Structure formats: C-alpha cells, structure tokens
Amino acid sequence: LYPFIEFYTNLVLQRMEYGVIIYSPKRESFICKNYRAEEYCSIVEFEALAKLIGTNGIQLIDKKLLDTIRSKLEETKNILRENEEGLTDLETFYTTDSCIPYARKLIDIESFTLKGFTIGNCLVFRNLLYKGLQAATKKLAPVLYKSSECLFNQYKRNIFGNQSLRNGDLLALHCGVDVDFADSPLQIVFKSIQEEDALVDLWKLLPYFFASCTFTSAMQNAIYKPSLDVFTNNAHVLIDTFITMMVLCRSTCEDDEEFDSIRRESIEKYLECASIILVRLLRINVKDLQKKLPFASLQSAVVFLDMVVNKANIPKSTLDNITPYSLMRSLYHEIYLSNMNE
C-alpha cells in the first residue's frame with residue numbers, strides 16, 4: 001500500500017500546493033494543463049483504487065490528509081489569536097465606513113490563505129476519495145452499502161460528535177455513504193485543537209476573519225471561469241475550508257443541538273461582512289482601485305460569495321437580502337462577456 005499512499009499524499013500536498021492543479025466540481029476531478037491529473041484524481045480512478053487497496057488502504061491515505069489538516073488548523077488558531085482584538089473591532093464596525101481599514105489591519109492573512117488552500121485541497125480530495133469508495137461498495141457489496149446508509153439515516157446527523165452514535169457514523173463513512181459534517185475522523189481532528197477553556201468566542205470571529213481574506217492575493221488574483229465553474233487559481237477550494245471551519249470549530253466545542261443555527265448564523269455573518277466590503281470596493285473608481293488594490297476581477301470576488309451560498313446549501317435569499325440580485329446578474333454578465341471576448 002505504501003506506493004499508493006506516498007503517491008497520492010505527495011500529489012495533494014506538493015503538486016496542488018500552488019494552484020498548478022485545480023479542482024473542477026463540474027467534472028468531479030482535479031485538472032491541470034501540464035499534467036494529466038484527471039487520470040489519477042477522478043471518481044472513476046478512485047473507484048478502481050478502492051477496489052484495489054480496499055477500505056483500509058483508503059483510511060491510510062485519509063489519515064495522512066487528516067494529519068495535514070490538523071497541523072494547518074493549529075497554525076490558523078494561532079493566527080486568529082494574534083488578530084482577536086482586530087477582529088473584535090471589525091465585528092463592531094463592519095457596517096460603517098471603517099470596515100475596510102479594520103479588515104486590512106489584520107496580520108498574517110496571506111499566510112492563512114496558503115494554509116486554507118492546503119486544507120481545502122485535502123477536504124475536496126477526501127470527498128472524491130470517499131465517492132470512489134461509495135461507487136466501489138455499491139458494486140461489490142450493495143447490501144452492505146444499503147444497510148449502512150439505512151442505519152445512518154435512522155438518527156439525526158451526529159454533528160456534535162455524540163459517542164453513542166459514532167460507530168454508525170464510521171460504518172457509513174467506510175462504506176462510502178455521504179456523511180456530510182457527521183464525519184467522525186474529521187470531527188476528531190477539530191476536537192484536537194480545542195482547549196480546556198472553550199474557544200467559542202474566538203471561533204465566533206471566524207466569519208469576519210474569512211471576510212478579510214478579500215484583501216489577499218488569492219482573492220485579488222481570482223478569475224472565474226464559467227465553463228468549468230472554477231477560479232483559475234483554485235480559490236474555490238477556500239469555500240470548503242471556510243464552511244467546514246465555521247461549522248466544525250463551533251460544533252466540536254459547543255453543547256448545542258441546533259446544527260442549522262450554527263451554520264446559518266456563521267455563514268450569514270460571513271456573507272454580510274464580505275458583501276459590505278465588496279460593495280464598498282465596487283463604489284470606488286476603477287482606476288483609483290487598481291492603484292491601491294489591483295483586483296484581476298472584482299466581479300469574480302462577488303461570484304465567490306454566490307458559490308458559498310450554493311455550497312452551504314442555504315436559501316439564495318440569504319445573499320439577495322445583502323447583495324441585490326440585479327447587481328449579481330450584471331456582474332455575471334460582465335464575466336461572461338469577458339470570456340467571450342478572449
């Protein structure tokens with residue numbers, strides 16, 4: 001199993017690190033101009049891999065990915081702590097004219113986005129890996145798959161890591177069932193970064209921290225490609241990082257039975273803060289903005305928010321209440337026109 005584990009972990013942690021290989025949700029595979037990534041990283045390939053190395057082999061690859069996520073989360077927690085005061089100020093003043101200066105005052109945001117790319121790549125890779133396992137299990141052991149899926153659907157999603165339900169969650173995961181946030185190994189990773197003193201107040205600042213990422217080079221260089229539904233620099237994997245952290249950082253340290261309240265509250269705060277920042281940037285004269293903040297496509301940064309809504313599976317009205325539909329439509333129109341003229 002060692003060659004497979006080394007090959008795939010190196011692929012995720014080295015080749016994907018700098019956006020050379022990007023993830024395409026439409027194709028459900030990784031793609032690259034100079035490397036045939038789709039020949040190794042697609043659901044079809046992962047199905048064949050699962051048949052070859054089995055569930056235990058998939059878990060060994062997954063363990064490497066989870067170890068990487070854990071280390072990046074620890075580093076991110078330290079960056080959050082350094083910015084706690086600045087984020088508290090941003091939480092207070094994000095609806096005022098001071099929101100942009102406060103957001104730009106935060107430190108090590110660039111460093112975080114690099115970690116965010118790594119976490120996002122690991123998350124989407126895991127998702128594809130287990131979809132491949134699902135396809136293999138359905139063909140080789142259909143009764144096992146249906147039984148584990150049926151058991152998993154008998155109880156409410158175990159988002160808060162209830163020990164009595166963990167065996168059911170693990171059985172479902174190892175058969176390839178889509179467990180969403182009831183992902184026990186991932187929950188354990190997030191619980192490992194919690195401390196004796198609850199970090200709830202710190203995690204509640206995550207939406208403002210992520211909204212400040214608008215001013216990073218990752219977002220400034222993001223260009224949306226409608227044909228593939230991706231950003232050319234792979235910035236869309238940050239969406240998985242943002243949503244997963246906003247949900248699991250809180251659910252693994254709070255004793256709360258309302259998963260939807262955590263998800264909606266965190267994501268809505270992020271959308272509101274990020275939308276206010278972007279709308280204020282759109283009001284600035286293009287030439288003046290390019291001198292201060294050279295966005296390759298500010299329209300693409302707004303599309304990023306629309307993709308967050310779709311990924312988080314929350315009502316479209318959540319974003320429409322903050323960023324008017326007419327504005328979103330005109331921005332999409334500009335992006336499609338620019339792609340037609342290329």
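The second largest cavity has a volume of about 40 Å³. In this predicted model, the residues that line the second largest cavity are W203, K204, L206, P207, M246, R250, E265, S266 and K269. Three helices, namely helix 10, helix 12 (237-251) and helix 13, each contribute at least two residues to the lining of the second largest cavity. The greatest contribution to this lining, three residues, is made by helix 13. Sorted by class, the lining of the second largest cavity comprises four nonpolar, one polar and four charged residues.

The search of the whole structure returned two cavities of 30 Å³ or more. The largest cavity has a volume of about 50 Å³. Its lining consists of F210, A211, C213, T214, M219, F242, Y270, L278, A301, F304 and L305. Two or more residues of the lining of the largest cavity come from each of helix 10 (206-211), helix 13 (259-282) and helix 15 (298-312). Helix 15 provides the largest share of the lining of the largest cavity, three residues. By class, ten residues of the lining of the largest cavity are nonpolar and one is polar, with no charged residues.

Open space was also examined. The largest pocket holds about 970 Å³ of space. The largest pocket is lined by 35 residues, of which N127, D178, D180, D240 and K311 are the closest to its centre. Helix 5 (109-140), helix 12 and helix 15 each give at least two residues to the lining of the largest pocket. Helix 5 contributes the most to the lining of the largest pocket, with seven residues. The lining of the largest pocket divides by class into 17 nonpolar, seven polar and eleven charged residues.

The axes of helix 1 (residues 2-15) and helix 5 cross at roughly 140° and come within 9 Å. Helix 1 is therefore oblique to helix 5. In the contact of these helices, Y8, V12 and L13 of helix 1 meet T118, N121, C122 and F125 of helix 5. The residues of the contact of helix 1 with helix 5 comprise five nonpolar and two polar residues, and no charged ones.

Helix 7 (residues 166-174) packs with helix 8 (residues 184-192) at an angle of about 120°, and their axes are 9 Å apart. Helix 7 and helix 8 are therefore oblique to each other. On the helix 7 side, R166, D169, L170 and L173 take part in the contact, where they meet S184, P185, Q187, I188 and K191 of helix 8. By class, the contact of helix 7 with helix 8 contains four nonpolar, two polar and three charged residues.

The mean pLDDT of the protein is 88, and 94% of its residues reach 70 or more. Among the elements of the protein, the highest mean pLDDT, 96, belongs to helix 6 (residues 142-152), and the lowest, 69, to helix 17 (residues 325-341).

How values were computed: Residues are numbered from 1 along each chain as its sequence is written. This is a predicted model: local features need pLDDT of at least 70, side-chain atom pairs count only at pLDDT 80 or more; totals for chains, interfaces and linings use all residues. Side-chain values use heavy atoms; hydrogens and water are left out. On a 1 Å grid over the protein atoms alone, a cavity is a set of points where a 1.4 Å probe fits but cannot get out, and a pocket is an open set with protein on both sides within 12 Å along at least five of seven lines; lining residues have an atom within 4 Å of a point. Grid points are joined across faces, edges and corners, and a volume is the space filled by probe spheres set on the points. Helices (H or I, at least four residues) and strands (E, at least two) are DSSP runs, numbered from the N terminus. Ala, Val, Leu, Ile, Met, Phe, Trp, Tyr, Cys and Pro count as nonpolar, Asp, Glu, Lys and Arg as charged, and the others, Gly among them, as polar. pLDDT is the predictor's confidence in each residue, from 0 to 100. Axes are lines fitted to C-alpha atoms, for helices over the stretch in contact, and angles run from 0 to 180 degrees between N-to-C directions. Angles under 35 degrees count as roughly parallel, over 145 as roughly antiparallel, 65 to 115 as roughly perpendicular and the rest as oblique. Contact means heavy atoms within 4.5 Å.
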